[in-house]
Every structure is written in structure tokens, then in C-alpha cells.
Amino acid sequence: MDYQDLNIWSKRAADWARDYHLNLRNQPVRAQTKIGDTAAKLPPIAPENPEPMEQIFADFEAMVPGATTHWQHPRFFAYFPANASPASMLAEQLANAIAGQAMLWETAPAANEIEAVMINWLRDALGLPDTFTGTIHDSATTTTLSAILTMRERALAWRGNKQGLSALPRIRLYASGETHSSIDKSARIAGIGQENLVKIPTDNTHAMRIDALEAAILADRQAGYMPAGVIACVGGTSIGASDNIKETIEIAHKHGLTVHVDAAWAGSAMICPEFRHLWAGIENADSIVFNPHKWLGAQFDCAIQFLRNPKDQINTLGSRPTYLTTLDQDDVVNYNEWTVPLGRRFRALKLWFTLRAYGLSGLRQRIRNHVAWAQMACDAIAKIPGVQITTPPALSLFTFRLNESDAQTETLLRRINKDGRIYLTQTRHKGAFVIRMQVGQFDCTLDDVMMAPKVIAELVKTAK
Ligand code: PLP
């Protein structure tokens with residue numbers, strides 16, 4: 001295949017994509033395939049000679065959609081959404097066509113400048129003060145890793161980067177057990193160690209206890225550790241828990257620690273002023289991550305980090321060998337110095353397209369619908385005999401279980417996902433196995449959402 005044929009195959013792919021999305025409702029949400037089915041259909045070695053595109057495309061159609069869990073299915077209620085607006089898909093096609101690499105301003109001026117403007121648009125849309133700047137990463141995990149590396153180096157006066165950690169005081173970080181496992185992973189790979197990520201107990205609202213946080217910082221300092229930072233969550237993955245951001249930041253700053261707020265999922269909802277109470281006090285955070293690729297329609301991958309002072313992160317992650325300097329361009333921002341990888345995709349384009357194609361009002365309406373519909377689904381599920389709501393909706397996420405036992409709840413979940421009309425996943429809350437349901441697919445309707453109580457009511461009868 002060459003560029004001459006790109007339009008033919010792009011058109012074919014676009015037609016396929018349109019039909020795929022318009023017919024998704026008729027497909028089971030979760031792949032119903034068995035382990036090894038797809039691999040068994042592939043030859044064990046790469047082809048020696050070129051194959052016709054017609055055959056390649058036909059094999060794609062025959063093998064891939066049927067063995068795919070459909071994240072854009074309107075009845076995908078599992079995990080968190082990775083929703084993708086059609087405008088964002090189009091932007092990705094264009095970014096793919098350019099196939100550039102936005103590591104430096106010079107290597108992609110439009111990409112870098114659109115990125116800077118998108119950060120400002122989103123900052124304002126989320127109600128953050130203009131003291132924040134920021135950048136786009138691939139995922140919340142690498143964003144949090146960047147923030148944690150910066151916490152470590154700031155506390156060590158950048159000695160860790162120079163000497164390595166072995167002869168330096170042990171860094172301590174603080175978070176509640178409701179924060180996502182990416183915080184644990186980041187602490188591990190930042191060389192801080194799981195044991196030095198202190199899990200602070202939560203109160204009856206599932207927020208980190210501020211008195212316990214302060215006591216832990218003081219005790220650690222007394223014991224010779226080096227407290228460096230706090231990771232707070234807004235909309236935790238398990239049940240949607242949020243920390244008390246204002247007080248967490250006050251205590252952290254009082255003791256010289258910085259605060260990174262993980263709002264990977266819930267951050268998108270902050271385009272609606274009525275939800276901003278969930279992160280009251282956010283204006284004093286040092287770093288914030290939210291994923292437009294979760295709930296705002298800018299498809300995976302797209303994680304935004306807002307920073308109050310990017311200098312510390314640039315000092316931690318930045319590196320400028322001669323082969324990465326650009327002549328006569330000292331004043332430009334080169335975002336690779338803010339992030340872990342050097343290479344960067346043109347992610348800002350899908351934000352630009354999405355924000356323009358739906359407008360903030362359109363995006364707000366979707367999120368408001370999701371939150372309202374999650375409450376309606378929760379109310380209906382609560383009425384099913386034998387079902388108990390274990391945590392009420394936090395924005396559009398709630399959990400439930402069968403009264404009798406973990407085992408029966410697990411059986412119910414298996415049946416739901418085998419049935420295929422909806423897709424749900426599980427978590428553990430206060431020791432119990434519970435089923436999570438979140439509403440957030442870009443184009444889901446109230447009917448799609450209310451299919452969940454219908455399916456659950458039907459299958460509960462057979463789960464017992
Ligand atoms: N933080 C929270 C609250 C999440 O829910 C998730 C993923 O679901 C992450 C972080 C990690 O996100 P990513 O896949 O962008 O690394």
C-alpha cells in the first residue's frame with residue numbers, strides 16, 4: 001500500500017467505523033471470546049512477502065470486532081469510561097495522518113501551541129485560577145509518576161537525581177487507601193518503595209483523616225524520615241471517594257509538603273460548577289491530574305496535568321543534550337522537559353476538535369445526564385429484592401451487592417457479563433465483594449442506562 005491508495009482505504013475504514021458504532025447496541029458489550037481464540041487464527045511468523053490490503057482488511061473484519069470488548073458501547077458501565085467523541089476520532093485520524101512527533105516546539109509548532117491553549121481552555125472550564133499552567137501526558141499513571149518524582153527531588157534538593165537514593169533520607173508520601181493503585185506503582189518505580197507510601201485512615205465519608213495525616217507526618221519526621229508529599233483523590237476508582245482537598249492542602253503546606261490531586265475520572269465533571277464542591281480548595285494544589293480520555297470525550301490517551309509551578313517538575317524531568325537543543329529558539333516551551341517520555345503524540349488536536357464540536361455546554365449536558373441517570377438506575381436497582389446499595393452515587397458511580405454473600409454477588413456479576421447486554425465490574429468495599437456501576441459513555445441514552453436494572457432484576461432470580 002502507498003500514499004496513492006490512502007484515500008481509498010481511509011474511506012473504507014471510515015465507512016466501517018460508522019457502521020461499527022451505529023450497530024454497537026446489537027453486540028454484547030464484553031468480548032465473549034475464549035483465551036487464545038484470536039492468537040490461534042494468526043500465523044506464527046510474519047509474512048515474507050507483501051499481502052493485498054483487501055485480504056488484510058477482510059481478516060481485520062473477520063477477527064477483530066468479534067473478539068473486542070466494546071468500550072464505546074452505550075451500555076458499557078464497567079471500570080471508568082474511556083469515552084470517545086466522534087470529533088475526537090476524526091482528530092486522531094488527522095494526527096495519525098501527519099504522524100509527527102511533538103517533542104520540541106520546532107518539531108511540531110502547531111501541536112505545541114494548540115496544547116498550550118487547550119491547557120488554558122480546560123483550566124478555565126474547570127474553574128481553576130490562571131496561576132495554573134500545565135501539559136498533556138499519555139496517562140494518569142505517568143502524570144502521577146512525574147508528580148511523585150518531583151516531590152521526591154524537591155524534598156531532596158535534587159540530590160536524588162544526582163547521587164541516587166541509597167545514601168539519602170527515606171522519602172515518605174501520604175495517601176488514603178481510596179487512591180488508585182497508580183500511586184502505589186509510582187511510589188515503587190520512583191525508588192521510594194511501597195512501605196514509604198503511608199496509607200492514612202479514612203473517616204466515615206471515606207476521606208483521608210486530617211488529624212491522622214498530620215500525626216503521621218510529625219511521627220515520621222521525628223523518626224528521621226523525610227516527608228515529601230501528599231496524594232489526594234477526588235473521585236477514587238473503587239467507590240468514587242473524595243478527600244477533603246482544602247484541609248489536606250493546608251496541613252501538607254503547613255509542614256512543607258506538596259500536594260498532587262488525582263481527579264483522573266471526576267475532573268471532567270468539574271466543567272459543571274455544581275460539582276466543584278467535591279474539590280473545594282483545589283486552587284492551592286501543586287499538581288492536578290485529570291483524564292479527558294475518561295469522561296470528556298477526548299479519546300484515549302489524554303491526561304492533563306495542571307501545575308502551579310512547573311519549574312520543579314522541569315528541574316526533575318528535563319534534560320537538554322545538544323542533539324535536543326534547537327538553534328535560535330531559547331524562549332519556547334519544550335513539553336518533553338515536563339514529562340517522562342521524550343516523544344510526544346499530537347494529543348491536543350482531539351481536545352480542540354471535541355471542545356469545539358460539542359461546546360462546553362454540550363459536554364456539561366452529557367455529564368449532568370450521566371449523573372442524573374446513574375441516580376435513577378441506582379434507585380431502580382435498590383428496589384430489586386435481595387439487592388443492597390453499598391455506596392450511593394458519587395457523581396455517576398455507585399456500588400451494590402446481593403444481601404446474602406460475596407459468592408452470590410460474584411455469580412450474579414458473571415451472569416451479567418455473560419448475558420452481554422450490559423458490562424459491569426467489581427471492587428471490594430469494607431471487605432465485601434461489590435459490583436460497581438458507572439455511567440459515562442459519550443452517547444448513551446436513558447434507555448441504555450435503565451437497561452441495567454432490567455437485566456439485573458432478571459438475572460438476580462437465577463443467581464440465587
Ligand atoms: N487514577 C484514577 C482515579 C483512576 O481511576 C485511574 C484509572 O482508572 C487512574 C488513575 C489511572 O489512569 P491511566 O489509565 O490514565 O493511567
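How many bridges join strand β6 to strand β7, and which way do the two run? There are 4, linking residues 287-290 to residues 303-307, and the strands run antiparallel.

## Ground rules

This is a predicted model, where local features need pLDDT of at least 70, side-chain atom pairs count only at pLDDT 80 or more, and totals for chains, interfaces and linings use all residues. Residues are numbered from 1 along each chain as its sequence is written, and side-chain values use heavy atoms, leaving out hydrogens and water.

## The seven-stranded sheet

Strands β6 and β7 sit in an open sheet of 7 strands, ordered β1-β7-β6-β5-β4-β2-β3 with mixed pairing. (Pairing takes at least two DSSP bridges between two strands; helices, H or I, are DSSP runs of at least four residues and strands, E, of at least two, numbered from the N terminus.) At the edges are β1 (133-137) and β3 (197-200), each pairing on one side only.

Phe290 has Ile304 of β7 as its bridge partner. Helix α5 (residues 109-125) packs on this sheet, touching β1, β6 and β7 (contact is heavy atoms within 4.5 Å), and its direction makes about 115° with that of β1. Such angles run from 0 to 180 degrees between N-to-C directions, using lines fitted to C-alpha atoms, for helices over the stretch in contact.

## The four-stranded sheet

Another open sheet has 4 antiparallel strands in the order β8-β9-β11-β10. Its edge strands, β8 (387-394) and β10 (425-429), have a single partner each, so one side of each lacks a neighbour in the sheet. β10 pairs with β11 (residues 432-438) over 5 bridges, and Thr425 stands opposite Arg436 in β11. Helix α13 (residues 348-382) packs here too, touching β8, β9 (397-402) and β11.
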